[in-house]
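Welcome! Please take a moment to look over the sequence and the structure below, and then we will walk through a few places together.

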Amino acid sequence: MTAKTLFDKIWDAHVVKQVEGGPNVLYIDRHFIHEVTSPVAFLGLKNRGLKVYRPDQTTATPDHNVPTINQHMSIKDELSRNQVDMLKKNCDENGIVYHGLGTEGHGVVHIIGPEMGLTQPGMTIVCGDSHTSTHGAFGAIAFGIGTSEVEMVLASQCIMQPKPKKMRITVNGTLDKGVTAKDIALYIISKISTSGGTGHFIEYAGSAITSLTMEGRMTLCNLSIESGARGGMIAPDETTFNYVKGRQFAPKGEDWDKAMEKWAELKSDEDAVFDTEYTFDAADIEPMITYGTNPGMGIGVSQTIPTSEGLSGTDKTTYQKSLQYMGYNEGDAMKGKPVDFVFLGSCTNGRIEDFREFAAFVKGKKKADNVTAWLVPGSKQVQNQIEAEGLVPILQEAGFELRQPGCSACLAMNDDKIPMGKYSVSTSNRNFEGRQGPGARTLLASPLTAAAAAVSGVIADPREMM
Amino acid sequence: MAYDKFSKINSPAVPLPYENVDTDQIIPARFLKAVERKGFGDNLFRDWRYENDGSPKADFPLNNDKYSGKILVGGKNFGSGSSREHAAWAIYDYGFRVVVSSFFADIFKGNALNNGLLPVVVSPEFLEKIFVQIEKDPESTFEVDLPNQKFTITATGESTDFEINPYKKHCLQNGLDDIDYLVEMKEQIAEFEAK
């Protein structure tokens, strides 16, 4: 038998049919939907006279477009309210479980799935959102899809996909103090670029990866899409099983034992061949920060902005346009640069561990007066846990307040917009022009680096303050 | 989603000589609040195309009268970022039927193909030739021949082949989508589930 990668094993087990000269028909175990990319799919379904084929494998929550204050009140923005109402209506009509605002199950779709135990090893998982790659942390094939594909899955629980190539990224060694999963991800993307992973599905391996918590693994896999890869995954191990065990939708009793037998097989065979391989050393990674307008434009926080020397043609004009947008010059040091906003949250860094790290860092320190900080838990459960662990008084003492769950300033679809020209150190995933509001300037970083910026009022190295 | 059948297009092209044109530029998130698929072309490249007060930015190619046509030509890594299909809808709704680049992001490419918008991948050298030709004569045309998978710079006669999955080519030529195909497969899917 030919050696298989983890990806091959899961993919091949889900192929319903290989279309002649075309893509695979791939069966989907779990489908998450939200308010922004689903309404046109439901409309398409209705126009064809179809119902949702497997509502019990579909889970819905509104997250992209919801306010993060006063969630008990009706949503003020008419268009946002309409989209949220439409999601609820579509779910009601089709028998899909809907986790509405303020309920215990509400939150960012990629945070609530794992929390509830809906995300499990060996599954195929899709959602009309590119950061669906998050769920790969459990040893699942999880990737973002477009609305036409959402309609396909609603109609048939299947999707048509060409099989991607396989990439393995190995990170060996031990992370330095103050260096997190977010930094590993930003480091990798800065090395392989935002298109380095295109056409591939990544498997992350190596001792620096296996020593990450589930939260850290989710952050890393979440950012796979920013390298252009459709998704990223990590072979499940004891850390994974311990996380899943006992959660609401996790297998129980005998079913758990059976699942564990299957899940034990979920790793790449030793002689499996990857189309592309990269190896990095954890010791080379420092806390990262981005200085440009795509996630590949990242450097260590103690470094200076690279020059455009050696670039030519559209490479050079694109680079210069990017720095001009940011208001930065080639060769500038990042440390000491001004900061106006700090955003802690999103499907990248909105989990309990992120809030623990942020709170531990700011404990006994004070938020800088020039910084506006938005702390947005990824879900109601994260919010509950922050409260239960006594983090709220610590944050308050340091001058920080919690908001309510949602995608918030990550993509600024709601009112949480960074104003024109302002600098935002953000734990989210994209620093594209205008991503956090028209004219907003985003610097991606870890919760620790964000916390260092929040208390310093400028870009700072968290290692010097721990 | 219904779209026009695609065969051959002969048209001038609009240049967008930037790399990593991401989906947040193609259609910013704040314009994704619709629950129907219409009017997205109005906000295509919104923040590159318009000032804050809504007046057009004169130096943006879409606002420059000398450029027109059904073909959009972008720098490498076009369509990176979010999975929002609204990006493909906006480009199509504006009136483009083809996007040419030396490299596309995966999800964008899939979304385009599902909506009758043909992504054409050419070599970086050929892409440069297209940009040069548009600058030389913005009215000159390009031929996109899907049946023969050929892209031609009409003025110089230079042409290049492009790849497309045979199944997707068939769908585009006939205006078909995957959902019809999958719904027909119901029985086979049920059998798979029973295994």
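The size of an interface is often given as the accessible area lost when the parts come together. Please keep in mind that this is a predicted model.

To the contact, domain 2 of chain A gives 19 residues and domain 3 of chain A gives 23 residues.

What kinds of polar links are counted between domain 2 of chain A and domain 3 of chain A? There is one salt bridge, and there are 10 residue pairs in polar contact, with both residues at pLDDT 80 or more. On the side of domain 2 of chain A that touches domain 3 of chain A, the elements giving two or more residues are α6 (181-192) and α8 (214-222) of chain A. A salt bridge joins the side chains of Glu226(A) and Arg430(A), at 3.1 Å from N to O.

Next, visit Ser133(A), which sits in the loop between β6 (124-127) and β7 (141-144) of chain A. Is Ser133(A) buried or exposed? Its relative accessible area is 0%, so Ser133(A) is buried. Leaving aside residues up to four places away in sequence, Ser133(A) touches several others, including Ala142(A), Phe143(A), Cys221(A), Ile225(A) and Gly231(A). Arg230(A) is also one of the residues it touches, although Ser133(A) and Arg230(A) are 97 residues apart in sequence.

| Pair | Distance |
|---|---|
| Glu226(A) and Arg430(A), salt bridge, N to O | 3.1 Å |
| Ser133(A) side chain and Asn222(A) backbone oxygen | 3.0 Å |
| Ser133(A) and Arg230(A), C-alpha to C-alpha | 7.2 Å |

Our last stop is in chain B. Strand β1 (residues 8-11) of chain B has a covered face with Ile9(B) and Ser11(B), while Lys8(B) and Asn10(B) are on the uncovered face. In a regular strand the side chains alternate between the two faces of the sheet. Where does β1(B) find its antiparallel partner? Four bridges join β1(B) to strand β6 (residues 142-145) of chain B, and within β6(B) Val144(B) is the bridge partner of Ile9(B).

Notes
Residues numbered from 1 in each chain as written. Chains lettered and ligands numbered in written order. Predicted model: local features only at pLDDT ≥ 70, side-chain atom pairs only at ≥ 80, totals over all residues. Heavy atoms only, no water. Buried < 20%, exposed > 50% of the residue type's maximum accessible area, 1.4 Å probe, protein only. Pairing = 2+ DSSP bridges. Contact = heavy atoms within 4.5 Å. Salt bridge = Lys/Arg side-chain N within 4 Å of Asp/Glu carboxyl O. Polar contact = N/O pair within 3.5 Å; in protein donor to acceptor, adjacent residues only side chain to side chain.
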